[in-house]
Amino acid sequence: MPIWNPWHGCHKISPGCRNCYVYRRDESIGKDASIVSKTGYYELPLKKNRQGEYKLRPEDGVVYTCMTSDFFLDVADDWRHGCWDIIRQRSDLHFHIITKRIDRFAECIPDDWGDGWDNVTISSTCEDQDRADYRLPILLDLPIKHRRVISEPMLEEINIEKYLATGRIEQVTCGGESGAKARLCDFNWVKELRRQCIRAGVPFYFKQTGALFLKDGRKYHIDRKIQMSQATKSGYSYTPGENSGAAIRYTLPDRNTLFARLAKSDFRSRFHLSGDDRDYISEKGLAVIASHAADFVAKKLAPENPPKDGKQTPMRGHPVFLAQHATACCCRGCLEKWHNIPSGKVLTAEEQEYIVSVIMDWIKRELHY
Ligand code: SF4
């Protein structure tokens, strides 16, 4: 991955900066990362080798730009114009700029920026909900051809559904924090953000676990060397249409434990069959009700990204609907939270059978079979 660092050093501006890796790395060699200076690589994209060819070639991939600073840092205002000139000249390369200063973007763009340049992707970071709600409306309003969102280090659960729904965010990346003083990253936050991306059909990249990772109630200290590979292994990145959740390993809950948990939920335990539901079941017979359940599951839950996911199961109108809410088999988010069945994949025949069996189990328990 080509990296172009035209200047080095930065100033901390938000909670995500607390354990900034630029500061950590500089400290380890006795350097002060708050001193910002132009590097010897300022013109790197224009440099050529002895054969007269550019050293940075399009086939080597996206050029990650300003990775040891922030491209929109005020101290670098006098140097940025030169970078835009270089980016303009190297229209054959694609430049990716990640910033915590999206609010400075409008005052920092060149005169001929127009509605954005095709060869530039701008990623706004948002480590928490406050930063998301401040920065993402700005990101969406700006003239940018390629927009991404990065939540790294992810410091809390964030909801960015309304921003994803605009269809103007091309990818979301998230990850935990690295380093000795790393703050915790909870896998549930990662899964929730992933679910939002799946619902919006936006690619999601789970980049790294970070050094302190909470999963299934246990804290893990993860060695730097495997933070990225562990995230990759989890299979939790998502590309629409690629059935990516198939790689995720999971264990279905024990049936008695599941029903005990459901009984403790105020929301789930309030569902019960009405007299009409009981009459309907008795008229149709359990085999027919099970076939209805199988049909609903196949149509409304089984697709990789079911339409209106989260709202596809009515609250009444059929005993199976009640059973679905009572057993958390009503949408893909609930299937993941309660049954561990990953979102973002087509449900297998076995998974569909399992869901139907849970639904029928609840109905039989209601009928005291
Ligand atoms: S903006 Fe980025 S590079 Fe600058 S201090 Fe914050 S984390 Fe570090």
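Mentor: One term to begin with: strands here are DSSP runs of E with at least two residues, numbered from the N terminus. Also keep in mind that this is a predicted model.
Trainee: Thanks. Where is the place of H146, then?
Mentor: H146 sits in strand β7, which covers residues 146–151.
Trainee: Which residues is H146 in contact with, leaving aside neighbours within four places in sequence?
Mentor: Those are V120, T121 and E170. D279, by contrast, is 133 residues away from H146 in sequence and 56 Å away in space, going C-alpha to C-alpha.
Trainee: OK, new topic. How is the chain divided into domains?
Mentor: Domain 1 runs over 3–246 and domain 2 over 255–366. Taken over C-alpha atoms, their centres are separated by 40 Å.
Trainee: How many residues are in contact between the two?
Mentor: On the domain 1 side there are 12, in contact with 10 residues of domain 2. The side of domain 1 that touches domain 2 is made up of 4 nonpolar, 4 polar and 4 charged residues.
Trainee: What about the largest nonpolar core?
Mentor: That core has 55 residues, and V172 and C197 have the most contacts inside it. Helix α6, residues 187–200, gives the most to this core, with 5 residues.
Trainee: Now the ligand. Which residues are around it?
Mentor: Around the ligand you'll find C10, K12, I13, G16, C17, C20, V22, S69, D70 and K100. By class, that shell divides into 5 nonpolar, 2 polar and 3 charged residues.
Trainee: One last thing: how do strands β11 and β12 run, parallel or antiparallel?
Mentor: Antiparallel, with 4 bridges joining β11 (residues 212–215) to β12 (residues 218–221). K215 stands opposite R218 in β12.
Trainee: And what's between the strands in that hairpin?
Mentor: There are 2 residues between them, and in this hairpin D216 takes a positive phi near 50°.
Trainee: Great, thanks for the tour!

How values were computed. Residues numbered from 1 in each chain as written. Predicted model: local features only at pLDDT ≥ 70, side-chain atom pairs only at ≥ 80, totals over all residues. Core = buried A, V, L, I, M, F, W, Y, C linked by C-beta atoms within 7 Å. Buried ≥ 20, exposed ≤ 12 C-beta atoms within 10 Å, placed from the backbone. Near = placed C-beta within 6 Å. Nonpolar A, V, L, I, M, F, W, Y, C, P; charged D, E, K, R; others polar. Domains from an automatic or database assignment. Contact = placed C-beta atoms within 7 Å. Pairing = 2+ DSSP bridges.
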